Amino acid sequence: MVDAIDSEVIARNVGTVLDGIRRAALNVGRQPDSIRLVAATKSVPPDRIRCAIDAGVKILGENRLQEALPKIDAIGTREGLSWHFIGRLQRRKVRTVVGLFQMIHSVDSLELAREIDRRAEETDIEQAVLLEVNIGGESSKGGFVPSELAAAASILDRLPHLAVKGLMAVPPLTIQPEQARPYFHELRGLARSLTSLGLVRVRMDELSMGMSHDYEVAVEEGATLIRIGTAIFGARRG
Ligand SMILES: *Cc1c(COP(=O)(O)O)cnc(C)c1O
């Protein structure tokens, strides 16, 4: 059970993050409602997730399918609530993920994209996805290398059951939020240059970037989806 204090803390944290988004948006003349908060709920149990939902969270982001399935069961897929997949996705799990999650943020290869398209075709849906970009060129991270994005997008433009909506990145860890700004700026620049390719189906409406320590900077640089865990639920245990 979640005690009353814990539930109050989560509610207050959600309020603080929503205020931070609003402030950062207004700083740069953006509409605050053009930015959506994704609560990153890895390792957070359903009763604490419900507290966040009660406080106004509408999108839940999960990293691991095995962990997500029982939580989706427990919490359900009620009206106005959606689940996004934000972690690394293995091809053999694609079949279960497609259709269950409204958006997959973490499409990091052509092979994965083709598998999603194939499974989406089987159930006759269009799966919304973002292309994950390895913005800091880190060997430990997956994602498209910026220089290969344009060619990849042209190929993905022809997959009828894949709806590319934009880009996502997890930049290298920085000490100061400001140090992440060049990465966010670069991601937005990449989205712009892909838009100028004149692709038919690939869209660049969404930029999923910014986490607990740097989301305000990300919003200033154009984020439309920010993924927040720690700032809502506290430090992860285990
Ligand atoms: C855990 C996670 C987040 C949230 O990170 P916090 O620093 O806890 O806000 C965002 N994006 C991804 C992909 C994550 O795995």
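This is a predicted model: local features need pLDDT of at least 70, side-chain atom pairs count only at pLDDT 80 or more; totals for chains, interfaces and linings use all residues.

Me: Which residues touch the most other members of the largest nonpolar core?
Reply: The largest nonpolar core holds 69 residues. Helix α1 (residues 4-27) supplies the largest share of this core, 6 residues. A second, separate core has 7 residues, among them Met103 and Met168. In the largest core, the residues touching the most other members are Ile116, Leu167, Ile226 and Ile232.

Me: With which residues is isoleucine 116 in contact, leaving aside its neighbours within four places in sequence?
Reply: Ile116 is one of the residues that touch the most other members of the largest nonpolar core. Leaving aside neighbours within four places in sequence, the contacts of isoleucine 116 are Leu89, Val94, Val98, Ile104, Val107, Gln127, Val129 and Leu162.

Me: Are α5 and α6 roughly parallel or roughly antiparallel to each other?
Reply: The axes of helix α5 (residues 110-122) and helix α6 (residues 149-156) come within 11 Å and cross at roughly 15°. Angles under 35 degrees count as roughly parallel, whereas those over 145 count as roughly antiparallel. The two helices α5 and α6 are therefore roughly parallel.

Me: How many nonpolar residues does the contact of α5 with α6 have?
Reply: In this contact, Leu110, Ala113 and Arg114 of α5 meet Ala152, Ile155 and Leu156 of α6. By class, the contact of α5 with α6 has no polar residues and 1 charged residue. The number of nonpolar residues in the contact of α5 with α6 is 5.

Me: At what angle do α1 and α2 pack?
Reply: The axes of α1 and helix α2 (residues 46-54) are 8 Å apart, and the crossing of α1 and α2 is right-handed. Asp6, Ser7, Ile10 and Val14 in α1 meet Arg48, Cys51 and Ala52 in α2. This contact of α1 with α2 divides into 4 nonpolar, 1 polar and 2 charged residues. The packing angle of α1 and α2 is about 45°.

Me: Is α2 oblique or roughly perpendicular to α3?
Reply: The axes of α2 and α3 come within 10 Å and cross at roughly 55°. Roughly perpendicular requires 65 to 115 degrees, and roughly parallel requires an angle under 35 degrees.

Me: What covers the buried residues of α2?
Reply: The buried residues in α2 are Arg48, Ile49, Cys51, Ala52 and Ile53. On the side of α3, the contact is made by Pro46, Ile49, Arg50 and Ile53 of α2 with Lys71, Ala74 and Ile75 of α3. The elements covering the buried residues of α2 include α1, β2 (59-62), α3 (65-75) and α9 (230-233).

Me: Is histidine 161 buried or exposed?
Reply: Histidine 161 has its place in the loop between α6 and β6 (162-168). Leaving aside neighbours within four places in sequence, histidine 161 is in contact with Asp117, Ala120, Glu121, Asp124, Ile125, Glu126 and Gln127. Its relative accessible area is 15%, and a residue under 20% counts as buried. Histidine 161 is therefore buried.

Me: Is serine 43 exposed or partly exposed?
Reply: Serine 43 lies in the loop between β1 (36-40) and α2. The phi of serine 43 is positive, about 70°, although the residue is not a glycine. Exposed means over 50% relative accessible area. At 40% relative accessibility, serine 43 is therefore partly exposed.

Me: What is the phi of aspartate 124?
Reply: Aspartate 124 is found in the loop between α5 and β5 (127-132), and is exposed, with a relative accessible area of 63%. Most residues other than glycine have a negative phi. Aspartate 124, a residue other than glycine, has a positive phi near 55°.

Me: What distance separates the C-alpha atoms of arginine 192 and valine 164?
Reply: Arginine 192 lies in helix α7 (residues 181-195) and counts as exposed at 53% relative accessibility. Along the chain, arginine 192 and valine 164 are 28 residues apart. Their C-alpha atoms are separated by 14 Å.

Definitions and conventions. Residues are numbered from 1 along each chain as its sequence is written. Side-chain values use heavy atoms; hydrogens and water are left out. A nonpolar core is a set of buried Ala, Val, Leu, Ile, Met, Phe, Trp, Tyr and Cys residues joined through side-chain atoms within 4.5 Å. Buried means under 20% relative accessible area, exposed over 50%, partly exposed in between (1.4 Å probe, protein chains only). Helices (H or I, at least four residues) and strands (E, at least two) are DSSP runs, numbered from the N terminus. Contact means heavy atoms within 4.5 Å. Axes are lines fitted to C-alpha atoms, for helices over the stretch in contact, and angles run from 0 to 180 degrees between N-to-C directions. Ala, Val, Leu, Ile, Met, Phe, Trp, Tyr, Cys and Pro count as nonpolar, Asp, Glu, Lys and Arg as charged, and the others, Gly among them, as polar. A crossing is left-handed if the near helix is turned anticlockwise from the far one by less than a right angle, and right-handed if clockwise.
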